[in-house]
Amino acid sequence: DIQMTQSPSSLYASVGDRVTITCRASQGIRSDLAWYQQKPGEAPKRLIYAASTLEGGVPSRFSGSGSGTEFTLTITSLHPTDFATYYCLQHNTYPRTFGQGTKVEIK
Amino acid sequence: VELVESGGGLVKPGGSLRLSCEASGFNFRTFGMNWVRQAPGKGLEWVSSIGSGSSSIYYADSVKGRFTISRDNAQNSLFLQMNSLRAEDTAVYYCARDSWVVSNGFDSWGQGTLVTVSS
């Protein structure tokens, strides 16, 4: 099985900060990675797919990069609505595996 | 696209439950579907996937042999039959649609249904 190691598990940031979240795959997954945002009591929402393609309607302050085993989600200027938990998910092989999640909290 | 789960509830350990996901707003029979769960206060866990024609089915090791995924394309519905339930199966269960390009991930999610396994 492919393990997805996501870091950090949580971070404190202020509005306007630049935030970077990393996912590392235990073996190469090409660009078969998506990023999701989840707010309390809500279903996850896809932000990015194919490692770097922005979902329609998602603000351009979100971006994704990477391929193979190293992937990054960047929020260039944190907005109040961005405080949430973020997950990566590999879609290269079964079983599908999520990262452990990164909770972005207000400093 | 709309996905609406139902069938969750309180069940005793060892019991069974059948979850349903009713799909609308898209051609259900042409998309792969999935179940993903989230235990209280925990992260997301993929549970099972089924291809558009039901020929490809996959399970997480944690549910293999106890859960069965199925679909009825005529009724635009996805199901998860859960048997021999354990306390650790307690979670919100989401159904999620595969992207048209499967390797692009799950592009739509339902609101979830809560399953509680407790005596």
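The volume is the space filled by probe spheres set on the points, which are joined across faces, edges and corners. The model is a predicted one, in which local features need pLDDT of at least 70 and side-chain atom pairs count only at pLDDT 80 or more, while totals for chains, interfaces and linings use all residues; side-chain values use heavy atoms, with hydrogens and water left out. Residues are numbered from 1 along each chain as its sequence is written, and chains are lettered from A and ligands numbered from 1 in the order in which they are written.

The lining of the largest pocket, counted as residues with an atom within 4 Å of a point, comprises 26 residues, and those nearest the centre are Gln38(A), Pro40(A), Thr85(A), Tyr87(A) and Gln38(B). At least two lining residues are supplied by each of strand S9 (85–90) and strand S11 (102–106) of chain A and strand S9 (91–98) of chain B, strands being DSSP runs of E with at least two residues, numbered from the N terminus. The greatest contribution is that of S11(A), with four residues. Sorted by class, the lining holds eleven nonpolar, ten polar and five charged residues; here Ala, Val, Leu, Ile, Met, Phe, Trp, Tyr, Cys and Pro count as nonpolar, Asp, Glu, Lys and Arg as charged, and the others, Gly among them, as polar.

The second largest pocket has a volume of about 360 Å³. It is lined by 22 residues, with Thr97(A), Phe98(A), Leu44(B), Glu45(B) and Trp46(B) closest to its centre. Strand S10 (97–98) of chain A, together with strand S4 (33–38) and strand S5 (44–50) of chain B, each supply at least two residues of this lining, and the largest share, three residues, comes from S5(B). Nine nonpolar, seven polar and six charged residues make up the lining of the second largest pocket.

Chain B contains zero helices and eleven strands. The radius of gyration of chain B is 13 Å, close to the 14 Å that the globule rule gives for 119 residues, so chain B is as compact as a globular protein of that length; the radius is taken over C-alpha atoms, and the rule is 2.2 Å times the number of residues to the power 0.38. The C-alpha trace of chain B spans about 40 × 25 × 25 Å along its principal axes, and 50% of its 119 residues are buried, that is, under 20% relative accessible area with a 1.4 Å probe and protein chains only.

Within chain B, four strands form an open sheet in the order S1-S3-S8-S7, with antiparallel pairing. Strand S1 (2–6) and strand S7 (67–72) of chain B stand at the edges with a single partner strand each, so one side of each is left without a neighbour in the sheet. Neighbouring strands of this sheet are turned against each other by 15 degrees on average, direction ignored, the axes being lines fitted to C-alpha atoms. Six bridges connect S7(B) and strand S8 (residues 77–82) of chain B in the antiparallel sense, strands being taken as paired if DSSP finds at least two bridges between them. The bridge partner of Phe67(B) in S8(B) is Met82(B).

Chain A likewise has zero helices and eleven strands. For chain A the radius of gyration is 13 Å, close to the 13 Å that the globule rule gives for 107 residues, so chain A is as compact as a globular protein of that length. Its C-alpha trace spans about 35 × 25 × 25 Å along the principal axes, and buried residues make up 47% of the 107 residues.

Elsewhere in chain A, Phe71(A) is found in strand S8 (residues 70–75) and is buried, with a relative accessible area of 0%. Phe71(A) and Arg24(A) are 47 residues apart in sequence and 6.3 Å apart in space, C-alpha to C-alpha.

Note on methods
1 Å grid on protein atoms, 1.4 Å probe; cavity = no way out; pocket = protein on both sides within 12 Å on 5 of 7 lines; lining within 4 Å. Axes fitted to C-alpha atoms, helices over the stretch in contact; angles between N-to-C directions.
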